[in-house]
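Trainee: Let's go through the labels one at a time. I'd like to see which numbers stand behind each of them.

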Amino acid sequence: MRWFGFGFNAFQQIKTLKNPENSGLDAEERLSSPTELKGHVNRDGRCFEFSQIRASWSRRASLHSDDAGCVCVAGFVNDSCRGVIKQSRGCRDVFISESHLTLAFLDRVECWDLQSSDDTPSWTMGIDTQSKSSAAVNLPLVPGGYIASKPPFFHSLSPHMQAKSLALGGEHVILLTATGAVYTWGQGSHGQLGHGGLLPEEEPRTVEALWGMKMSSVSAGGWHSVCISDAGDLYVWGWNESGQLGLPSQRLRKTSEKKTDQQEGELSQNSSTHQEEVFISIQAFPALFDVTPLCEVKTVSCGSRHTAAVTTSGDLYTWGWGEYGQLGHQSFSSSDEPQRVEFFRAQQLRVVGVVCGPWNTFAAVANEEGLAPEHPTKPLNKHGE
Amino acid sequence: MSSLGSKILSTLPADEEQFPLQFSDKVEPSVVEVLRRCRKQLYGNAACASRRLNAQIILDVSWERLNTGTWRHVDKEWRRVYSYGCLFKVAALCRENPSQQEILEAVRTCDMGLLMGAAIMDDILQVLVRILQNEISETSKDKEKSVEVVAKKLKTEGPRSPSIREEKAVPRIKCPSLESFSTNYLLPLKPVILEGIIDHWPALNNHPWSIEYLRSVAGFRTVPVEVGSRYTDESWSQTLLTVNEFIDRYILDEISPDGGTSRGYLAQHQLFDQIPELKEDIRIPDYCCLGEGDEDDITINAWFGPAGTVSPLHQDPQQNFLAQVVGSKYIRLFSPEDTDKLYPHQSQLLHNTSQVEVENPNAELFPEFSKAPYLECVLEPGDVLFIPVKHWHYVRSLQVSFSVSFWWS
């Protein structure tokens, strides 16, 4: 797989500066167009591709399963951390937060403090390799619970939950069970729990609106949640201040109005001339969201305030906050409507996966060519209309 | 560098080494790294776009933290970071021959830091906003004036100026001694209107608060405005406007974006912390010294709006002096002893607010309400209403009104 990244790059976590002394080039601090990530070159000079990427605000961790499972960290790292992390050989899964790097091995999980130069992890947990559940390491899920972004790391989960995958949002958690049910807990003041209100939940609570529909994956952003059903439908809920839910956002329209006014050299004194449009700032219940009526959603990932989805036809769609280029449309505007990232079509590349950092996006692209037939990119309507 | 740019730099430490960037470890090293880049660029020669971008990164990352958790629990360090972002953005905007547009944006940026951030470097954002206000050219001000000339009428509503029945009237007393106020009203927690105690305020004398005066002192300053008929309504929201925009849109008849059905209210805002020039026009009532707290513990709020603004019936956890400066307000008061007849909301968020619409009560849903005894008054300029702690109060403005409240304990 090849990987392309776009968005926030102020720490060179996507693309390194040719001349680091030249701080005048802000063009490199945010990338609005997909840029290919260089593969990892090991000591023998062989080049390996990344099998997995995870990103925090200032860093990017990549896992190379082919090269004895080692992990590299790019971005805001001191020299001792640059390149391969020696202690990562044999790693099977990786997770990164702003403060810690979590490595999952066959027999243990380790959390490393990214700011210290210690030789040992700040926390470690053994895995019982004999038990059945040892296969179920899907970070941040671990046998018996999950690993949080900062201490205390381990949080237990009841085995009755049959947790299959879990995503950590800015201040909430979303869980998918083996039976396709979705649970959420944490803060709820922006509707991100999907229970219809704004109250927090201390314990996992089932998202009743999705009851009866089997979900196949879940994702969480700063203040929003997304999941995909078995049938390939997308459900969104939470905060929509930058259009990250793909619903009409008033804040977005007002900001773009102000920008056009400034360009015309006028103070913003206009009264709104919109027709009776309903804006949604907070969506407290899951809403069915049509990315494109033409095909199903295969995988989705959420950044802090944006969302990216890959369709079964190999296209990548993005929407939400775009001020750092994280939507990949060669601009720095935000959008409350999904738009296809044309770069991949133009290069005849088939997108097969996507992972978002808080302010950037990483797309995995298949090596072979050959795509589904071209689809037109008219503005897409939502909610299955 | 422009002369404004030099003026701004002269308010800052002489060089990078003397510019403080100290934070607790709540602020991640990666964020401190960007702050250091901003500081370096401040004293260096980087391109404008790069300075602005680095300042924006600080604003965006701290904005996200300010929106995480409840406001009360936001770590003060992140509010400081946000203020630094504002500082660096202002410096970037004003460095090279800023346009009027950029100067106004810099004023707005200072206000965002004053509203959402925490004071840094001896409240430097206050220092900067004062410098910037002097740079707002006469042409910008004239533009505002031409709008005003066209806009004539203040929004007048309120034919419904209620007549106050004598037996229900809040008692009035002129300049009582501290002792008599304490004995007759404070200790027994009885409402009263104090007359003559703010006659000396500059706001009522040599700096009378008129629309023109407010524009001249604060026209380009950004303030929070509540939009919607009352805060218990579903469509109620808050927005940020300059004082000029607020006056044009919600006080004067001139611009009504939606046929004039929605109201805007500059309500419950500590305007006098944000705009110290206005604080000089008022005084803290002497009677506040009867309380237990310090002067610093007194919360002073501004309430400025058109006729017809309504504060639904609610109670506050502190004593309140409500001083009327401009226009008049109708106020009805209920004792906390009669709370059982006032049907407070059950929710945590609104449990200090009654469900009843005082001037249009639903007798079927709220049968006991009509039995609740009350006092009422029309508060005029120069009056100060003492609202005892936890006393329920309902307020409707009868004209364009400006009140100042003092919450003390």
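Mentor: First a definition: helices (H or I, at least four residues) and strands (E, at least two) are DSSP runs, numbered from the N terminus. The model is predicted: local features need pLDDT of at least 70, side-chain atom pairs count only at pLDDT 80 or more, and totals for chains, interfaces and linings use all residues. As for bookkeeping, residues are numbered from 1 along each chain as its sequence is written, chains are lettered from A and ligands numbered from 1 in the order in which they are written, and side-chain values use heavy atoms, with hydrogens and water left out.

Trainee: Where does B:Cys289 lie?

Mentor: In a loop of chain B, with helix H12 (276–279) on one side and strand S6 (299–305) on the other. In space, B:Cys289 is 9.5 Å from B:Ser409, C-alpha to C-alpha, though 120 residues separate the two in sequence.

Trainee: Why does B:Cys289 count as exposed?

Mentor: Buried means under 20% relative accessible area, exposed over 50%, and partly exposed is in between (1.4 Å probe, protein chains only). B:Cys289 comes out at 55% relative accessibility, so exposed is the label.

Trainee: And what makes B:Ser83 buried?

Mentor: Its relative accessibility is 1%, so B:Ser83 goes in the buried class. B:Ser83 sits in helix H4 of chain B.

Trainee: Over in chain A, why is A:Ser229 called buried?

Mentor: Because its relative accessible area is 6%. A:Ser229 belongs to strand S21 (residues 224–229) of chain A. Beyond residues up to four places away in sequence, A:Ser229 touches A:Lys214, A:Met215, A:Ser216 and A:Tyr235. Chain A as a whole has 2 helices and 29 strands, and 54% of its 385 residues are buried.

Trainee: Back to chain B: how do you know that the buried residues of helix H1 are on the same side?

Mentor: The buried ones in H1 (residues 3–10) of chain B are B:Leu4, B:Gly5 and B:Ile8. They span an arc of only 100 degrees around the axis, which puts them on the same side of H1(B). That arc is taken from the directions from the helix axis to the C-beta atoms. The exposed B:Ser3 and B:Ser10 are carried on the face turned away from that buried side. Among the elements covering the buried residues are helices H4 (76–94), H5 (100–116) and H6 (124–135) of chain B.

Trainee: What makes H1(B) roughly antiparallel to H6(B)?

Mentor: Two packed helices are described by the angle between their axes and the distance between the axes. Axes are lines fitted to C-alpha atoms, for helices over the stretch in contact, and angles run from 0 to 180 degrees between N-to-C directions. Under 35 degrees counts as roughly parallel, over 145 as roughly antiparallel, 65 to 115 as roughly perpendicular, and the rest as oblique. H1(B) and H6(B) pack at about 160 degrees, with axes 10 Å apart. That makes H1(B) roughly antiparallel to H6(B). In the contact, B:Leu4, B:Lys7 and B:Ile8 of H1(B) meet B:Leu128, B:Ile131, B:Leu132 and B:Glu135 of H6(B).

Trainee: And why is H4(B) called roughly parallel to H6(B)?

Mentor: Their angle is about 25 degrees, with the axes 10 Å apart. That value makes H4(B) roughly parallel to H6(B). Here B:Ser83, B:Cys86, B:Leu87, B:Val90 and B:Cys94 of H4(B) meet B:Ile124, B:Leu125, B:Leu128 and B:Leu132 of H6(B). Those contact residues divide into 8 nonpolar, 1 polar and no charged.

Trainee: One more pair: what makes H3(B) roughly antiparallel to H4(B)?

Mentor: The axes of H3 (residues 48–66) of chain B and H4(B) come within 8 Å and cross at roughly 160 degrees. So H3(B) is roughly antiparallel to H4(B). The residues of this contact divide into 13 nonpolar, 3 polar and 5 charged.

Key
Contact means heavy atoms within 4.5 Å. Ala, Val, Leu, Ile, Met, Phe, Trp, Tyr, Cys and Pro count as nonpolar, Asp, Glu, Lys and Arg as charged, and the others, Gly among them, as polar.
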